[in-house]
Amino acid sequence: CLPVLEMVVGSLRGCANSSVPGQERERCLGPALEVGVALLRGASARVSLGGRILVCAGGHPTLGPGGWPWDEDHPHRAFLVDKAAEHLEYVGSLAAVAGVNVDVLAGARVPVGAALLEPLVKKCGGVLVLHEGFGDRFAADLVEAPARV
């Protein structure tokens, strides 16, 4: 498990378009999680092994179901935040039924929507970890985490 974790951490890269401010970058978490849960459910359909999804979030979801606008002055922001919360909790329920844990590692200096992500991870037995960023300290903490169990 540790070599895979080190490989994942080593492969993390910054945004390809760094000219867009962090909070304005497009993120489509809801559909990505639905696909991940479906893939794990399909892969373990005969044996029911479940699985684990690790999300490295550098900001809140902004697109698709489960996303909401970054602009606090958006005229429909409150409604979209409520809809996003409902969808993310629904995805957590899908994950729980499939035996999939969703862990969210949030490393950003912009809001990640922890209050909306928490019900998702609670529904399926995952964890939500907030970290200042995805720099060297994060990588070291992540690699050392399994030894702290």
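How many salt bridges does the structure hold? I counted 4 salt bridges, taking a salt bridge as a side-chain nitrogen of Lys or Arg within 4 Å of a carboxyl oxygen of Asp or Glu.

Notes on the model. I worked on a predicted model, where local features need pLDDT of at least 70, side-chain atom pairs count only at pLDDT 80 or more, and totals for chains, interfaces and linings use all residues. I number residues from 1 along each chain as its sequence is written, and side-chain values use heavy atoms, with hydrogens and water left out.

Entry: Arg52 and Asp103. I looked up the salt bridge of Arg52 with Asp103 and found the closest N and O atoms 2.4 Å apart. The pair links distant parts of the chain, with Arg52 in strand S1 (residues 51–57) and Asp103 in strand S2 (residues 100–107), 51 residues apart. I take helices (H or I, at least four residues) and strands (E, at least two) as DSSP runs, numbered from the N terminus. For accessibility I use buried for under 20% relative accessible area, exposed for over 50%, and partly exposed for in between (1.4 Å probe, protein chains only). Arg52 counts as exposed because its relative accessibility is 51%. Asp103 has 9% relative accessibility and therefore counts as buried.

Entry: what else Asp103 meets. The side chains of Asp103 and Arg52 are also listed as a polar contact of 2.4 Å. A polar contact here is a pair of N or O atoms within 3.5 Å; within protein, one must be able to donate a hydrogen and the other to accept it, and residues adjacent in sequence count only if both atoms are side-chain atoms. The side chain of Asp103 also reaches the backbone nitrogen of Val127, at 3.0 Å. Leaving out residues up to four places away in sequence, I find Asp103 touching Arg52, Ile53, Leu54, Val55, Gly126 and Val127, where contact means heavy atoms within 4.5 Å.

Entry: Asn101. I then went to Asn101, also placed in strand S2. Asn101 is partly exposed, at a relative accessible area of 21%. What does the side chain of Asn101 reach at 3.3 Å? I find the backbone oxygen of Gly125 at that distance. Residues up to four places away aside, Asn101 touches Gly51, Arg52, Ile53, Cys124, Gly125 and Gly126.

Entry: salt bridges within helices. Lys83 forms a salt bridge with Glu86, the closest N and O atoms being 3.5 Å apart. Lys83 and Glu86 are 3 residues apart in helix H3 (residues 77–98), so about one helical turn separates them. I note both as partly exposed, Lys83 at 40% relative accessibility and Glu86 at 48%. In helix H4 (residues 114–124), Glu118 and Lys122 are 4 residues apart, about one turn of the helix, and their side chains meet in a salt bridge at 3.6 Å, N to O. Glu118 is partly exposed at 37%, and Lys122 is exposed at 62%. An α-helix has 3.6 residues a turn, so residues three or four places apart point the same way.

Entry: helix H3. I checked the span of H3: at 1.5 Å a residue its 22 residues should span 32 Å, and the end C-alpha atoms are 31 Å apart, which agrees. The expected span is 1.5 Å times one less than the number of residues. Which residues of H3 are buried? I list Val81, Ala84, His87, Leu88, Val91, Gly92, Ala95 and Ala98. They cover an arc of only 145° around the axis, which puts them on the same side of H3; the arc is that of the directions from the helix axis to the C-beta atoms. The face turned away from the buried side carries the exposed residues Ala78, Phe79 and Val97. Gly99 follows H3 and has a positive phi, near 75°.

Entry: cysteines. My search of the whole structure found 0 disulfides, a disulfide being a pair of cysteine sulfur atoms within 2.5 Å. Cys28 is partly exposed at 37%, whereas Cys124 is buried at 7%.

Entry: Gly113. I found Gly113 in the loop between S2 and H4. Is Gly113 buried or exposed? Gly113 counts as buried, at 16% relative accessibility. Gly113 touches His60 and Trp68, residues up to four places away in sequence not being counted.
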